[in-house]
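Please open the model in your viewer, with the sequence panel beside it, and follow the stops below in order. Each stop says what to select and then what is there.

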Amino acid sequence: MKTTPVDAADLASSVLSVPPLARAANGTPSKAENRRMVDWLRSGGVTTYLYGGNANLYNFGVAEFSGLLDLLEEIAPDDGWMIPSIGADFGKAVDQAAILRARAFPTAMVLPLGFPATPAGLASGFGKLADAAGRPLIAYIKNDGFLDAGDVARLFRDGAISAMKYAVVRPEPKNDAYLAAILDAVGSGERIVSGIGERPAIDHLEMGLSAFTSGSVCIAPHLSTAILKACQAGRLAEARAIRESFLPLEDLRDAHSPIRVLHEAVRLAGICDTGPIGEFLSNLDGAERLEAIARAARELKARAEASSTEKPRSAASA
Ligand SMILES: N[C@@H](CC=O)C(=O)O
């Protein structure tokens with residue numbers, strides 16, 4: 001498992017997968033099933049595993065946190081970068097940061113608290129959390145104006161954060177004054193990743209962000225990796241063509257809850273048994289809806305499997 005400090009190359013080296021957390025029937029995280037998830041991602045070239053919203057860590061207790069860190073260490077591939085999340089509220093985050101201090105994880109992401117929080121209060125709190133964890137953290141911006149652009153730049157300069165996940169949804173991702181202001185204040189997008197999956201990722205990478213997070217990468221890691229590599233090589237039309245395969249499942253996620261649909265999609269595609277989704281959420285039901293999710297997930301996974309047996313471009317054209 002990666003234990004060294006986070007640098008810009010780490011962020012650009014892989015799609016940052018945001019997997020669900022597989023749980024046994026009694027609700028405890030399952031080592032065997034989560035390992036199956038990570039192994040599938042690794043087979044598609046994904047080496048970064050960010051356990052956050054899709055794992056329902058918003059509702060994960062401090063008392064269970066050490067056990068989760070143990071599990072993540074145990075299932076991590078040798079070259080894998082495991083990123084746990086802390087928060088969303090400050091009190092929970094600071095208790096988790098104290099636990100993290102004694103562990104080898106290079107960082108953790110701070111889940112975003114929409115209320116009660118102010119930009120100035122969050123900026124001050126991020127500094128305290130990084131002190132408590134003894135390392136820079138990852139900020140997660142999900143709402144417009146969550147942190148002031150100038151505070152983001154200061155948090156980077158002070159070493160309170162080493163990366164940011166930017167996930168404000170816009171009708172046109174490139175038309176985003178807040179992201180432009182953050183990029184301007186920070187001076188570069190090399191430590192900022194697009195945080196809303198494949199749909200806006202290509203536009204965000206064109207704006208200078210370094211990589212992207214994704215839930216649907218858990219179904220089709222080979223294809224998601226291909227999008228990242230195509231973007232990084234400037235083959236944007238190819239990236240957009242590959243992205244088409246993700247849209248049926250992404251449409252279902254947007255319609256019925258991204259977290260809940262992904263949880264069932266991973267199970268229905270036969271990747272691992274995700275089990276119960278965890279407290280304060282409930283597993284999706286409804287035969288018709290689950291059938292639509294199964295169809296979209298299996299089709300996407302089949303395309304990923306087919307792509308993984310295709311010859312690489314250079315060999316094919318030789
Ligand atoms: N929310 C996005 C990216 C992960 O955080 C997704 O689930 O695809």
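## The largest pocket

Begin by selecting Lys142, Gly195, Ile196, Gly197 and Pro258, which lie nearest the centre of the largest pocket, whose lining comprises 27 residues. Next, colour α8 (198-206), β9 (213-214), α11 (247-256) and α12 (258-268), the elements that each give two or more residues to this lining; helices (H or I, at least four residues) and strands (E, at least two) are DSSP runs, numbered from the N terminus. Of the elements, α11 gives the most to the lining of the largest pocket, with three residues. The space in the largest pocket comes to about 600 Å³.

A pocket here is, on a 1 Å grid over the protein atoms alone, an open set of points with protein on both sides within 12 Å along at least five of seven lines, whereas a cavity is a set of points where a 1.4 Å probe fits but cannot get out; lining residues have an atom within 4 Å of a point. Grid points are joined across faces, edges and corners, and a volume is the space filled by probe spheres set on the points.

Before moving on, note that this is a predicted model, in which local features need pLDDT of at least 70 and side-chain atom pairs count only at pLDDT 80 or more, while totals for chains, interfaces and linings use all residues. Residues are numbered from 1 along each chain as its sequence is written, and side-chain values use heavy atoms, with hydrogens and water left out.

## The cavity and Lys165

Now select Leu11, Leu16, Leu50, Ile138, Ala163, Met164, Lys165 and Val193, which line the largest cavity. That cavity has a volume of about 30 Å³, and the count of cavities of 30 Å³ or more comes to one. Strand β7 gives the most to the lining of the largest cavity, with three residues.

Keep Lys165 selected, which sits in strand β7 (residues 161-166). For charge, Lys and Arg count as positive and Asp and Glu as negative, with His and the chain ends not counted; a salt bridge is a side-chain nitrogen of Lys or Arg within 4 Å of a carboxyl oxygen of Asp or Glu.

Leaving aside residues up to four places away in sequence, Lys165 touches several others, including Met109, Gly195 and Thr213, where contact means heavy atoms within 4.5 Å.

## Salt bridges around α8

The structure holds 20 salt bridges. Select Arg199 and Asp251, whose side chains meet in one of them (3.0 Å, N to O). This pair links distant parts of the chain, with Arg199 in helix α8 and Asp251 in helix α11, 52 residues apart. Arg199 is partly exposed at 31% relative accessibility, and Asp251 is likewise partly exposed, at 43%.

Move along to Glu206 and Arg240, whose side chains also meet in a salt bridge (3.1 Å, N to O). Glu206 lies in helix α8 and Arg240 in helix α10 (residues 236-243), so the pair ties together parts that are 34 residues apart in sequence.

## Two further stops

Select Gly208, in the loop between α8 and β9, which is partly exposed with a relative accessible area of 36%. Gly208 touches Gly189 and Glu190, not counting residues up to four places away in sequence.

Finally, is Ser224 buried or exposed? Ser224, found in helix α9 (residues 221-232), is buried, with a relative accessible area of 0%. With residues up to four places away in sequence not counted, Ser224 touches Val15, Glu198, Phe212, Ser214, Val217 and Phe246.

Terms used
Buried means under 20% relative accessible area, exposed over 50%, partly exposed in between (1.4 Å probe, protein chains only).
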